[in-house]
Structure formats: structure tokens, C-alpha cells
Amino acid sequence: MNILVLNYEGKVCNFRPDTTLEKFSRDYYIPDGMDRVAFAPVAFAEIVRTGKAVSEKFAPRYLGKRSFGLLIYDGTALDRSDMFSYAEASCLDKTSVLSWPLPEKVDDFVLYSGGKEIFRFDGDASSILEDAAAKASARTFFRTGDVICAELSPIGTLCMREDSGITVSGESGNEKLFEFSII
């Protein structure tokens, strides 16, 4: 399974390995060498059929259930701004917080850190995901079981190492999608 990610600007499509997937909201332990934990909220969908070069018009046929999640990045690596920093920052284990089972319908999302709202998305993310599917499939082949993610904001700072112990949660409607602590 691949996790395909379209960045917020909609220009870069990259892959995260399935080892980054965290479905069960387990606590996140900050790895050695990471002083800044960065994040991007995402809308995501399951890929339900194989395909390549899928136009936006036909993208709904390839997308299954949809939800919202959170991608964690190594902010310390991103700060280096060298050729390998983005790849290193996005491939750490358990950093794609995409909770399962997927709800039947989600059309709003609120992200909290330490009990404070840090991000809100109101509305339906379907058109964003369809655009992401079209752009990603222009470069890669979809397989059933892959996941497509579209960042909903630029990468920002979630916390610093000294702030560890905060609780991060995401909700859609009155349903909690995930909740975990950064330790």
C-alpha cells in the first residue's frame, strides 16, 4: 500500500511508505534528533480501483470512503532545507495519522493541540481529493488499497520537544477521529 500525498500548493506529489501509517491513535514518541514536530492536516480517501492518468471528471470512481487526518513531519529535518530533508522529514514511522474504520460521511474537521483549536476546515473535501487524485495519477499508477492525501494547509509547527506531553485530537462533527499524546 502506498500513501500518496499532494502538498498544499498542489504542485508536489510524494509517497509515504506504509510504515508511516498510524490507524489506531497510539501515542507518538519524538525520535532522538527531532527538536520541532511539524504537521499538515489532510483530507484522505481510499483508492478503490486501479488506474493511471485519471481525469478529475472520473476521479470519484476511484475514491472510496473519505476522512481527515494528520501528517507529522520532522521539523528539524525540514529546517535543514537540503536535497534530502523533505524525504527524511516525511518517512518516519507512525507519522501518517489516518484513523480507521472510516466514517460514512465527513464534511468538516477541527484539529486541537493541547486543548486549543489549531486548524478548522468547514465543508466537503471531495473536490480537493478529486484534484489530488488526478494530479497524482498523472505520475503514478493507483492500486486498490492505496490512500490519497491532500494537505489542507502549509506545514506548520505542532510542538517543540520541550512541549512534549501535549494531546492532539481531530474531530469531524461530534465524532472523534483520533486522539494521541506527543511524548
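Thr 167 stands opposite Ser 181 of strand E12, strands being DSSP runs of at least two residues, numbered from the N terminus. In this predicted model, local features require pLDDT of at least 70 and side-chain atom pairs count only at pLDDT 80 or more, whereas totals for chains, interfaces and linings use all residues. Residues are numbered from 1 along each chain as its sequence is written, and side-chain values use heavy atoms, with hydrogens and water left out.

Strand E11 (residues 167-172) pairs with E12 in the antiparallel sense over six bridges; pairing requires at least two DSSP bridges between two strands. The open sheet comprises four strands in the order E8-E7-E11-E12, with antiparallel pairing. Strands E8 (116-122) and E12 (175-181) form the edges, each with a single partner strand, so one side of each lacks a neighbour in the sheet.

Ser 99 is located in the loop between strand E6 (96-97) and strand E7 (108-113). Ser 99 counts as buried because its relative accessibility is 7%, the cut-off being under 20% relative accessible area with a 1.4 Å probe and protein chains only. Beyond its neighbours within four places in sequence, Ser 99 is in contact with Glu 22, Lys 23, Phe 44, Leu 177 and Phe 178, contact meaning heavy atoms within 4.5 Å. A polar atom of the Ser 99 side chain lies 2.7 Å from the backbone oxygen of Leu 177.

The buried residues of helix H3, among them Leu 129 and Ala 133, pack against strands E1 (3-6), E2 (13-16), E4 (36-47), E5 (63-74) and E9 (147-151). Helices are DSSP runs (H or I) of at least four residues.

Methods:
Buried means under 20% relative accessible area, exposed over 50%, partly exposed in between (1.4 Å probe, protein chains only). A polar contact is a pair of N or O atoms within 3.5 Å; within protein, one must be able to donate a hydrogen and the other to accept it, and residues adjacent in sequence count only if both atoms are side-chain atoms.
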